Amino acid sequence: MPDTAARKRSPRASRVPVVIVGAGRLGGALALALTAKRWPVRMHSRGTEGLQRAKALGLKSATPADLKRARVVLLCVPDAAVPSVAEELSATLPRSAALVHTAGALSLDALGTAKGRTRGSFHPLCAVSSPRDSLAGHAVAVSTRSRALRDVLRRMAGDVGLQVLDVPESHRAAYHAGAVMSAGGLVALADAAVAALGAAGIPPDAALAALLPLMRSALRGVEARGLSGGLTGPIVRGDAGVVAAHLGALPEEVAPLYRLLSRRALELAGDRLRPESRAALEPLLKP
């Protein structure tokens, strides 16, 4: 859902010239989305491969004049490359150009010392697997000390269809850890579930095909009824016998994860669970 409240707060934020550095999946997705909303976007890449990718997507490459006119320069490069790319660009960009990285875990300091230049971060919470993926309906973490840049980034988010999260710099690691658990962690959890079905003799492809709709239905339940209301399974039912059978049947490497997740579910169940049921489950779930 677009952050309409952000639009109301900053109606004068204009569609300033943007240069996106890096024509990979995220850079391409942002460029296509912003271009569709009439933002003046140019792509900058030092390698011919990046230039070719931009051209294949129908995006325009930045000229030296475009770099001079840029007001926001988005760094869509690997996290490890942000400091060096920022340092290189700072030597050539005008002071009026804000440097903005798209890395979830990095602070603004990764862009170098300010020295009069505005810095920011713009991290979409979306697992982008193709530059043609839509970003609409996702969230984006925004951080900057500049009110003017914040207004521009919020306008950018609203046009793309991203809901804005303001993330304090001092808590950026915790924010990014949560984001990683909900994406990469979910994939790792699916892998563990496939391994559990494998112990029942179900081939991996068939297991994954069966589990994906189940996972989607669980997420729909959370979306409709919240975390506690969307919780299902033997923990919230207080079925200690089923949980004990699960632990006896799971592969050795999966059982500790099952216990850990079940302890979390036990807390989440709250008063949905009778005290005697909780008392029966707790000993089974000890590490």
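Modeller: This is a predicted model, and I would begin with its open sheet, in which 7 strands follow the order E2-E1-E3-E4-E5-E6-E7 with mixed pairing.

Colleague: Why do E2 and E7 stand at the edges of the sheet?

Modeller: E2 and strand E7 (163-166) each have a single partner strand, so one side of each is left without a neighbour in the sheet, and that is what places them at the edges. Neighbouring strands of this sheet are turned by 25° against each other on average, with direction ignored.

Colleague: Which bridges and which crossover link E6 to E7?

Modeller: E6 and E7 run parallel and are joined by 4 bridges, with Ala-141 standing opposite Leu-165 in E7. The chain passes from E6 through H6 to E7, and this β-α-β crossover is right-handed.

Colleague: What lies across the strands, and at what angles?

Modeller: H2 lies across E1, E2, E3 and strand E5 (119-125), and runs at about 160° to E2. Helix H7 (residues 172-198) lies across E4, E5 and E6, and runs at about 20° to E5. Because angles are taken between N-to-C directions and run from 0 to 180 degrees, the value of about 160° says that H2 runs roughly against E2, whereas the value of about 20° says that H7 runs roughly along E5.

Colleague: Which residues of the largest nonpolar core touch the most other members?

Modeller: Of its 33 residues, these are Ile-20, Val-72, Leu-74, Phe-122 and Met-156. Among the elements that each supply at least two residues of this core are strand E1 (18-21), helix H2 (25-36) and helix H6 (147-160), and H6 gives the most, with 6 residues.

Colleague: How do you know that Ile-20 touches Leu-74?

Modeller: Contact means heavy atoms within 4.5 Å, and Leu-74 is listed among the residues that Ile-20 touches, together with others including Leu-30, Val-41 and Met-43, where residues up to four places away in sequence are not counted.

Colleague: How much of the chain counts as buried?

Modeller: Of its 287 residues, 40% count as buried, which means that their relative accessible area is under 20%.

Note on methods. Residues numbered from 1 in each chain as written. Predicted model: local features only at pLDDT ≥ 70, side-chain atom pairs only at ≥ 80, totals over all residues. Heavy atoms only, no water. Core = buried A, V, L, I, M, F, W, Y, C linked by side-chain atoms within 4.5 Å. Buried < 20%, exposed > 50% of the residue type's maximum accessible area, 1.4 Å probe, protein only. Pairing = 2+ DSSP bridges. Right-handed = clockwise from strand over helix to strand, strands pointing away.
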